[in-house]
Amino acid sequence: MEKQSREGSGAEHGSEVATESKTEVEVPRALRQPRSNRPVKSERRRLSTHRLVLQYVAPCMRAYGMCIVDNFLGNRIGERVQQEAHRIHEAGRTQDGQLACQPRGQSRAYRGDKIAWVDGTEEGCHNIGFLLSRMDRVITVADGQLGSYKIRGRHKAMVACYPGNGAGYVKHVDNPNADGRCVTCIYYLNKNWNAKEHGGILRIFPEGKSYVADIEPLFDRLLLFWSDRRNPHEVQPSFATRYAITVWYFDSEERAEAKRRFRDLTATSQGGTTS
């Protein structure tokens, strides 16, 4: 799959809203009791991926706009990915997360994470690369099962750390302006996470639904959801160090149109300058 990097989430910020009345409505069972991806020894890995996607991921995405898969890689490989993410942060390779539409220096009021962009081929990122290959496999199988999207590429991976000082990320949309991103994939790395004590829940406000979806950032959990305005979401304040790896996949047609708009805007801007 084609990989592209981006220096910012392209998200728009918004004020937090009260949700008490919405949380009284029962959340669909598929979101309350996520599917486990524990392997069956008699099955080949490829067949297992196809079955997971065709019987669970694609139907769940079509019905609810999101999907949760637990035990995505297994404990052994998940721990290796976790260790690599920790080393990236501890080595000082991260920077403050930025908002594309927010003046520099003011973003910390809206998002409190530290981030690094990796493609999985860097030294010390071999297991992150394996995670990305497994994500790619899921999306490749799902392509054609997710409405009219033609998914042909993705970003580099964003390794994010919330340092546990109450940092979060206010309600926002990943792709509010049709930049090409269609599916957001987040892999969580937090063992022994207790949301009541540690916070850090990802709360999704599905458009047109009478409920919110609270996703705990549990170790070896994969979350997928539509990247556009159908899924505003927030990261609630975290009071323990919280790690996640996020990838955005592109719809080829929307991405091409976004690039054309950018080229036209750049050409117009350059053509209007004077010496």
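User: Let's start with strand S4. Is S4 enclosed by the rest of the structure or open, and why?

Analyst: This is a predicted model, to be clear. S4 spans residues 66-70, and five of the five are buried, so the strand is largely enclosed by the rest of the structure.

User: Which residues sit on which side of S4?

Analyst: Met66, Ile68 and Asp70 are on one side, with Cys67 and Val69 on the other. Both faces are covered, as these residues are all buried.

User: OK, and in which sense does S4 pair with S3, parallel or antiparallel?

Analyst: Parallel, over two bridges; S3 is residues 35-36. Across from Asp70 of S4 you'll find Ser36.

User: How many bridges join S4 to S13?

Analyst: Four, and those two strands run antiparallel. S13 covers residues 222-226. Take Cys67 as one example: its bridge partner in S13 is Leu224.

User: Which side chain does Arg111 have a polar contact with?

Analyst: The side chain of Asp113, at 2.7 Å.

User: Now Asp251. What's the nearest side chain of opposite charge there?

Analyst: Lys150, but it is 6.4 Å away. Asp251 is buried and has no salt bridge; the cut-off for one is 4 Å between a Lys or Arg side-chain nitrogen and a carboxyl oxygen. As for its place, Asp251 belongs to strand S15, residues 242-251.

User: So what does Asp251 touch?

Analyst: Leaving out residues up to four places away in sequence, Asp251 touches Ser148, Tyr149, Lys150, Gly180 and Cys182.

User: Tyr149 has a ring. How many aromatic pairs turn up in the whole structure?

Analyst: A search of the whole structure gives three. One of them is Tyr149 with Trp226, a tilted pair at 5.5 Å centre to centre and 50° between the planes.

User: What parts does that pair tie together?

Analyst: Tyr149 is in the loop between helix H5 (126-142) and strand S7 (151-155), while Trp226 is in strand S13, so the pair links parts that are 77 residues apart in sequence.

Methods:
Residues are numbered from 1 along each chain as its sequence is written. This is a predicted model: local features need pLDDT of at least 70, side-chain atom pairs count only at pLDDT 80 or more; totals for chains, interfaces and linings use all residues. Side-chain values use heavy atoms; hydrogens and water are left out. Buried means under 20% relative accessible area, exposed over 50%, partly exposed in between (1.4 Å probe, protein chains only). Two strands pair if DSSP finds at least two bridges between them. A polar contact is a pair of N or O atoms within 3.5 Å; within protein, one must be able to donate a hydrogen and the other to accept it, and residues adjacent in sequence count only if both atoms are side-chain atoms. Lys and Arg count as positive and Asp and Glu as negative; His and the chain ends are not counted. Contact means heavy atoms within 4.5 Å. Rings of Phe, Tyr and Trp (its six-membered ring) pair if their centres lie within 6.5 Å; planes under 30 degrees apart count as stacked, over 60 as edge-to-face and the rest as tilted.
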